[in-house]
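Have the sequence and the coordinates open while reading.

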Amino acid sequence: MSNLRSIALERYRKWNSAIYATLFSEPRAHAPAYLYLEPELLAAAAALAEAEAGDARAQLVAAVRGSLGWDRVDTPFLWHIDEAEIWEDGGMREPPPFLALLAVLVLAAEAMVSDAQHAAHNYYDRLLVLLDADPLLGARVKRCFKDTVEFWQQLNDWLVQWDGELGLPSAQVTDRRVNIGYPLSQALVSAHDRLRIAGAFEDYGLRPGRRMAPLEMEQYLAHWLATATAPARLRRLWSNEEARRRITLIACAELEAWAGPAVQVHAESASGRVPLLWRAELTPGALRSIDLFLACQADARRVSGGYRVVAPTDGAGREGLADAGGALAIAPMRGSPLCALEPWDAFSLGALLAGAFTLQCEDNPAVTVARSSNPILVLTYDERDALWHEVNRAQLLERSIILAHADVLEKVEHHLQRYARPGFRKLDADTLYGLPVGWAAFLDVLLVDTPEDELRDVLAALSPVRADVIALEGGLRLGRQTWHADAPPELTATLASERPLRLSIERRRALDDGPDNLIAAEGTGRAGAALAGLGLVSGDYRASVQVTARNSVRVLDETPFRLRTASHPRPLRGEGMLSAYSISEASGLVTTTCIADEDALIVQGALLEGTAGEPFAPVPLRLPTTLPVAAPLARPRPSPVTDTRIYAMPCAVRGHHYWIVDAAQPDDNRYTLKHMQCRDCQREEWRRSGAPRRAAPAQRRIRHGYRSTEAPRARLPAAQATDWSRPLPALMLDAMSYMGSGSWAGLREIAQSLAPNEPFFAAEAARALSALGHIDIRLDPRTQRPAGWQIAPPTLVETCDRSWVLAGARSDRLIEALLSVPDTNLAIEGEELPVIRIRPASVVALLELVEALEEQGLAIATSERFSERVVEHLPLLAGLLPLGERFQIGHAKVERLDLGSRQWTEAGEDRGPGAYRVEHHGRLHGVSQAADPGIMRIVDPLSAKHLAAAQFGATFVAYDPTEQILTLPLGAELPMMLDRVATLCAGAPALVRRELWSVQYLCVPPIVARHIQRSLGL
């Protein structure tokens, strides 16, 4: 390579790295990422690239121009293609080498968009002028421009692989112009315009994170762009059909990634009307329950404070709020961006569901929060906070919960039987704890069809816009567009019209041996196919719904997806502080924290690192050898529903709303979006002023007296239950080893995907994985509820019988590598969560094993005598109490731990010392002390039990020194780090003795038992 070329390529690499640092930094994480270098971003990139003073745009273009056409071959992008292949073969863990090239392609599209000229030749002419290309290079660029399409697809794959940490894919093609479609999609909407669009979302009352059909989004945008507040640039582009389609898709992506007005960059007005929407937390299993509450997503500084009831408020609304005695408030929820209506325990849930009310802030009368009633509520799941959120309208192929008032129940049930996929469940107040009398809940509703004409009555919330939609449903989801290869999703599609369709799958990137292309299913109007039986392996795929038109195959919609296992883990960023258990502090007994001190004594998985101080002296062993028999006390059942009144709703009885519509304008038509508010229930909607008019076919009477004007359409059969190829805990560990880290909401979603009818599977599996050193768990500092987790480094940890077990991340590739090393004496113990145990002949044999794994690219650590070394440095559990947040114990839904029976029982008026748990948007646990009556310090549930026992000189721990067995009651296991120390003594999960209602830790030596006793304060 010539010196001149080396200098040119080095300058290009500097710009490429600068663009990566500018566009893909943390502040833009989990938002659509665009390669649109607007002036301020271009200036920031130029500074990072150490560009010379002057025109940054010209210097970037010159750097890219210097990387083109050096090789005497047809394509001028050969160097970029070679660099991209090397980058892809390395796992795409580094910044893409083609960012600067793509950024210049977008700059050419920007010039093309600015004058609304969208012809393909217009783009190439502008690009060649921008590059200042000579005729020979220009001809090569135009002829081989199709080579750049692969770069855009690789960019999207790279962003998906990072699961939103660096941004979400935004480059897309919406028409036949595949080559120039990608850069056009980046330059069409500026960052300022996207902020204005987010403001429109708030004006129209759209819920953050909502997945919306493009046809519905187009209605909102058309109305907004007709106003004077919309950007003139977008108004000009909207008249172009191709640009309109692209802008709509961009707006849909922005809404799905929108975090809401609480995190807007620009300051909000201190006034305005904020809607209160229903949120719900659903507990599955045999004893299903739903926790409903009203909350808003707004800046807490704007809405927090005391409130009073003002007009318009109906009778049901006033009755629902009456028991609060006027002490109404909007307060931030612990561990959530939401602000909830308080005091929730004092309200009548049935009345609030049926009523409408308006509250005015006492400190700032310009701020009001309002709730309108609706006999049909649609709730959709948001994986970001693991809550179900109210939305105005259901979407096709989106799983939802439908709450229906008794007056419209028959209508709703008939509608769902016609348009929803079979398999949904209907529950009432007797079968779903927390649901008020007079309401029914339909769970697992998936609308696969919709009426031909848009419904105008109360069923409008269940009438999505007809469209061609393809979706992936179910399976074990590992991130955006990513599922576990052993638990793939089901592919479903629905069409707006009844015609034959085909579901096709194409493999775009292969990681293991498997089929490249296949037809998953065929049908008419609707089709579905479970991917579990198709032999798909780890790789990148594209699923599409196709129809045959004029002897050619036409793709109506498509969606990318990826299948992965822990053998192909997603990359993790190495930046930021280390997160681990700081066992020199009391909080390190139960939660990980960010470690700033490099010398701090920390635990990651089964690794003990840092500078250890003087160990604590063990205390004399005073634990009983057996647990005392628990005193008999029947566990109190949930309190029966006390409010049996059914509150009437005028719109439900009438069957439709009485809309007050904004005044018509001269240029309105039946498609114009209008703001409407119901006179009776105060419900607000933005809807078209009139439905499309069609010739009405002959009506026919059917069962129950309903009239149908539609021809029968094909039904999608119910989804079939799937048998997973691995035991559930092992599959969960493999999934978490792939992901590396995540939120507790994500972990719960994984658990519910694997075991939908086991409500405690997430907590039990996480505790087992933590005890074995596979994962570390972070607690929310305010609620002491789990907030996040991370996988621990792969480690061979020495147990007390001097065998070694595998802790931390685990994959099939690692296990196969261990099995391939001779003389390891490897054994796989157990079935549900297999323990990998080796008994090397000597320390030398162990080191040789580690070296053999490193030669295969598998790094693994070793940890000697983990339990004995860690336990002697653990602090007292009582040190958690001063760190816990103070919480005023209320009067409703309060339970106290009865030490004799080891059960939670109704607390009544007792607020003395002990452990308490209260319902406050989820459960809070804490310990009350004699010096602070009526106040509890919030701690985690297991610590609360052991701290309460220590308060009264009792114990939940027994130890048999002869058998070296540590025994605790089931449900009162050791808190986090103590649990890990006791479990890794044997290197196997604690033995659950359900017949004795106890848990036994095996092979626990006396020295470990003495230190556990010391740490518990016994």
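Where is Ser373 found?

## Basis and a first residue

Ser373 is in the loop between β8 (367-371) and β9 (376-382). Helices (H or I, at least four residues) and strands (E, at least two) are DSSP runs, numbered from the N terminus. This is a predicted model: local features need pLDDT of at least 70, side-chain atom pairs count only at pLDDT 80 or more, and totals for chains, interfaces and linings use all residues. Residues are numbered from 1 along each chain as its sequence is written, and side-chain values use heavy atoms, with hydrogens and water left out.

Ser373 has 4% relative accessibility, so it counts as buried. Buried means under 20% relative accessible area, exposed over 50%, and partly exposed in between (1.4 Å probe, protein chains only). Leaving out residues up to four places away in sequence, Ser373 touches Leu353, Ala354, Gly355, Ala356, Met649, Cys681 and Arg683. Contact means heavy atoms within 4.5 Å.

## Overall fold

The chain holds 27 helices and 49 strands. Its C-alpha trace spans about 85 × 80 × 55 Å along the principal axes. A compact globule of 1018 residues would have a radius of gyration near 31 Å, and the chain agrees at 31 Å. That radius is taken over C-alpha atoms, and the globule rule is 2.2 Å times the number of residues to the power 0.38.

Of the 1018 residues, 55% count as buried. Take the contacts between residues at least 6 apart in sequence: 68% of them join residues at least 24 apart. The chain exposes about 43000 Å², and carbon and sulfur atoms supply 52% of it. These areas come from the Shrake-Rupley method with a 1.4 Å probe; for residues, only the protein chains shown count as cover.

## Nonpolar cores

In soluble globular proteins, nonpolar side chains tend to be buried together. A nonpolar core here is a set of buried Ala, Val, Leu, Ile, Met, Phe, Trp, Tyr and Cys residues joined through side-chain atoms within 4.5 Å. The largest has 90 residues. Ile19, Phe24, Leu35, Leu60, Tyr123, Leu155 and Trp158 have the most contacts inside it. Helix α5 (residues 99-114) gives this core its largest share, twelve residues.

Leu155 is in contact with Phe24, Leu35, Pro96, Phe98, Leu99 and Leu102, leaving aside neighbours within four places in sequence. Another core, of 85 residues, lies apart from the largest one. Among its members are Met736, Ala809, Leu833 and Leu970.

Which residues of helix α21 (residues 761-771) are buried? They are Phe761, Ala762, Ala765, Ala766, Leu769, Ser770 and Ala771. These residues pack against β23 (578-582), α19 (728-739), α20 (744-754), β33 (775-779) and α26 (976-983). Gly773 follows α21 and has a positive phi, near 80°.

Gly773 is also one of the residues that Ala807 touches. Ala807 sits in strand β36 (residues 804-807). It is buried, at 1% relative accessibility. Its other contacts include Ala606, Leu772, His774 and Pro793, not counting residues up to four places away in sequence. Ala807 and Val981 are 174 residues apart in sequence and 13 Å apart in space, C-alpha to C-alpha.

## A partly exposed loop residue

Ala31 lies in the loop between α1 (3-23) and α2 (39-48). At 26% relative accessibility, Ala31 is partly exposed. Ala31 touches Gly167, Leu168 and Ala257, residues up to four places away in sequence not counted. From Ala31 to Gly164 the separation is 133 residues in sequence and 7.3 Å in space, C-alpha to C-alpha.

## Backbone exceptions

Most residues other than glycine have a negative phi, and most peptide bonds are trans. A cis peptide bond joins Ala311 and Pro312, with omega about 0°. Pro312 is in the loop between β4 (305-310) and α15 (315-322). The bond from Glu342 to Pro343 is also cis, with omega near -5°. Pro343 is in the loop between β6 (339-342) and α16 (349-354).

Trp997 is not a glycine, yet its phi is positive, about 55°. Its loop runs between β48 (991-993) and β49 (998-1001). Trp997 is exposed, with a relative accessible area of 53%. Cys1003 has a positive phi near 60°. Cys1003 is in the loop between β49 and α27 (1006-1016), and is partly exposed at 35%.
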